[in-house]
Amino acid sequence: MVKFSDEKLKKVDEIVARYPDGKQKSALLPILHLAQDEFGGWLSVDVMDYVASLLKLEPIEVYEVATFYSMYNLKPVGRYIFEVCQTGPCMIQGSDNIVDYIKRKLGIGVGETTPDGLFTLKTVECLGACGYAPMMQLGKFFREHLTPEKVDAIIEECRQTAATNN
Amino acid sequence: MGRKLLLDKANVPGIRGYEVYRREGGYAAAEKALKNMTPDQVTDEVKKSGLRGRGGAGFPTGMKWSFLAKPEGVPRHLVCNADESEPGTFKDRYLMEFLPHLLIEGLLVSSYALGSKATYIYIRGEYAWIPDILEQAIAEAKANGWLGKNILGTGFDCEIYVHRGAGAYICGEETALIESLEGKRGNPRIKPPFPAVKGVWDRPTVVNNVETLAAVVPILNIGGEEYAKIGVGKSTGTKLISACGNINKPGVFEIDMTISVEEFIYSDEYCGGIANGKRLKACIPGGSSVPILPANLLLKTVKGETRKMNYESLSDGGFPKGSMMGSGGFIVLDEDQCVVKHTLTLARFYRHESCGQCSPCREGTGWMEKILKNIETGKGKKSDIDLLWDIQRKIEGNTICPLGDAAAWPVAAAIRHFRDEFEWHVDNPQECLVRNYGLAHYADPLEVVTPA
């Protein structure tokens, strides 16, 4: 059974309170972020149904939103998601080479996850770091001015973090 | 050195925190507005400043504020558009990351002018670390009596909330943003009714860009008339430009709008010239949606005048021979860049970001991407170029929101100015896979061919 901890439920109330009474649907995007972070990095139907019940919405109201926004994952993903920008300004600075390098290094294609479940590779559209290209999003933060060496270091860093936390 | 009004304190150590911001003169504008001015006087000051929306459309901010309906007993809202997503644009991120209190102060003054007691910052989801910075600044402002109930004993109440989006360029369009803030898909609304009458939760709403709202602070500090003296014509004040691409010093610059494009690209104060000693081929001066210009039309207008970094000069020549200030996302391409491939990445961007409501945009963006992909990979036909022209024309003006236009313009401008490069791809299907067309004649002052 999917359920937030008491602490997270308090956070849910806090978010809902930002909007006028009866407009709790406005909290949907922030709560879906919270749910995705809490329940394994993606939104299963169970999770979406749970969010619907929390906000007193019909499940379809949650599904239609979750499928619209690109940051919600609708299937399981790796622990670390490399989201490499490939729009014009990043392309000029060689984002294609970075994507190719990651593919070779991890042995996966775009949209795939490594068999150990650690890494997923995604290509994304402009993330607003055009002056610091090429770049990718990794979790909450941006990794900018990417080079193959930097990518190596990031992969190593993720492996280390995963090993320490297990 | 041009005058700096927004970033003048950006390098002061600790300016992100309340203490230093306040010590450096922060919240003086808020104090002045709330203690000594009526809301209408604040709006008048913004009107006098000539400030134009910094998100891309360039609509006069004071006028937008004056359209806000004020029916009795209905709450009104100010919403800050921090959904910065236009390729090439990363100025709002800089402001929020390094000068959060400048934005909070601007929001407070603007909320006072508009009577918004609950103000929202809608920030793009990918800027995932910035809400913490903003919420910290909001908490500090509140602890020091600048937010909450009865601010400065004036009886004015105001709260500011951060609302995170989840990855959708379309939510930068104000009615899509409002839908998203209501917890829905970001489908733009048909206007009218305009948000000023019926916005978020059907209440009167003003949506302004981050930089616009930050600019309200210096306007109050120096006065609207003084602000209007900076710059030229209807391009008053200063503008943030985020520069990227093949330049030596990518980054965010504050300019007063009298400098020339040439100075902006080549002077060490700004972009520092083209990287690696290459030559300039083309530039998209205002974010990916605005027309790309070849070097010969970028530095000088078609009349042979020096092109300046302001609203009027950048659009001099109209769409056939000019471009737009847009959001200030300045993308520079050197002689080694392929315009076809660059245009393809933009077409892919718009296909990905189309909300799918209107058929011309939903179908047209995908179709343009496919054709461009064919041309780029040597599988195109001559007739494809005319087909692309035809498709973009049928998207433009035929959609609910401007995303359709934004998708059409880059393709139109690329064909208009670089048609020979497209044709070269078609004629040399093998060669185009291994090398780029190069500079060709684009740096020469040739007459520009406009397709019929």
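1. Helices here are DSSP runs of H or I with at least four residues, and strands are E runs of at least two, numbered from the N terminus. On that basis, chain B comes to 19 helices and 11 strands. The model is predicted.

2. Confidence. The predictor gives the complex an ipTM of 0.97 and a pTM of 0.96. For chain B the average pLDDT is 95, and 97% of the residues score at least 70. One stretch needs care when reading the model. Residues 445-452 of chain B have a pLDDT below 50. Beyond near neighbours in sequence, that stretch still has 13 contacts in the model.

3. Overall form of chain B. The radius of gyration is 22 Å, close to the 22 Å that the globule rule gives for 452 residues, so chain B is as compact as a globular protein of that length. The C-alpha trace of chain B spans about 75 × 45 × 35 Å along its principal axes. Of the 452 residues in chain B, 56% are buried.

4. Domains of chain B. The assignment gives domain 1 (18-229), domain 2 (232-334) and domain 3 (339-434). The C-alpha centres of domain 1 and domain 2 of chain B are 27 Å apart. Where they meet, 19 residues of domain 1 of chain B are in contact with 20 residues of domain 2 of chain B. On the domain 1 side, helix H5 (91-98), helix H9 (210-222) and helix H10 (224-229) of chain B each supply at least two residues. That side of domain 1 of chain B divides into 7 nonpolar, 7 polar and 5 charged residues.

5. Domains of chain A. Chain A is assigned domain 1 (6-66) and domain 2 (80-165). Taken over C-alpha atoms, the centres of these two domains of chain A are separated by 29 Å.

6. The contact between the chains. Chain B puts in 45 residues and chain A 35 residues. Several elements of chain B each supply at least two residues to the side that touches chain A: strand S3 (159-164), helix H8 (174-181), strand S7 (238-245), strand S11 (329-334) and helix H15 (339-353). H15(B) gives the most to that side, with 6 residues. By class, the side of chain B that touches chain A has 17 nonpolar, 20 polar and 8 charged residues.

7. The sheet around S11(B). Chain B has an open sheet of 5 strands in the order S8-S7-S11-S9-S10, with mixed pairing. Its edge strands are strand S8 (251-256) and strand S10 (293-294) of chain B, and each pairs on one side only. S11(B) is parallel to S7(B), and 4 bridges join the two. Here B:Gly245 has B:Val332 of S11(B) as its bridge partner. Strand S9 (residues 280-284) of chain B pairs with S11(B) in the antiparallel sense, also over 4 bridges. In this pairing B:Ile284 is bridged to B:Ile331 of S11(B), and B:Cys283 to B:Val332 of S11(B).

8. Why is S11(B) largely enclosed by the rest of the structure? The cut-off for a buried residue is 20 or more other C-beta atoms within 10 Å of its own. In S11(B), 6 of the 6 residues are buried, so the strand is largely enclosed. Both faces are covered. B:Gly329, B:Ile331 and B:Leu333 are buried on one side, and B:Phe330, B:Val332 and B:Asp334 are buried on the other. S11(B) also supplies at least two residues to the side of chain B that touches chain A.

9. A loop residue in chain A. Where does A:Ile108 lie? A:Ile108 is in the loop between helix H6 (95-106) and strand S2 (119-124) of chain A. With 18 other C-beta atoms within 10 Å, A:Ile108 is partly exposed. Leaving out residues up to four places away in sequence, A:Ile108 touches A:Lys103, A:Thr113, A:Thr114 and A:Leu121. A:Phe119 is 11 residues from A:Ile108 in sequence, and their C-alpha atoms are 9.1 Å apart in space.

Note on methods:
Residues numbered from 1 in each chain as written. Chains lettered and ligands numbered in written order. Predicted model: local features only at pLDDT ≥ 70, side-chain atom pairs only at ≥ 80, totals over all residues. Domains from an automatic or database assignment. Contact = placed C-beta atoms within 7 Å. Nonpolar A, V, L, I, M, F, W, Y, C, P; charged D, E, K, R; others polar. Buried ≥ 20, exposed ≤ 12 C-beta atoms within 10 Å, placed from the backbone. Pairing = 2+ DSSP bridges. pLDDT = per-residue confidence, 0-100. Rg over C-alpha atoms; globule rule 2.2 N^0.38 Å.
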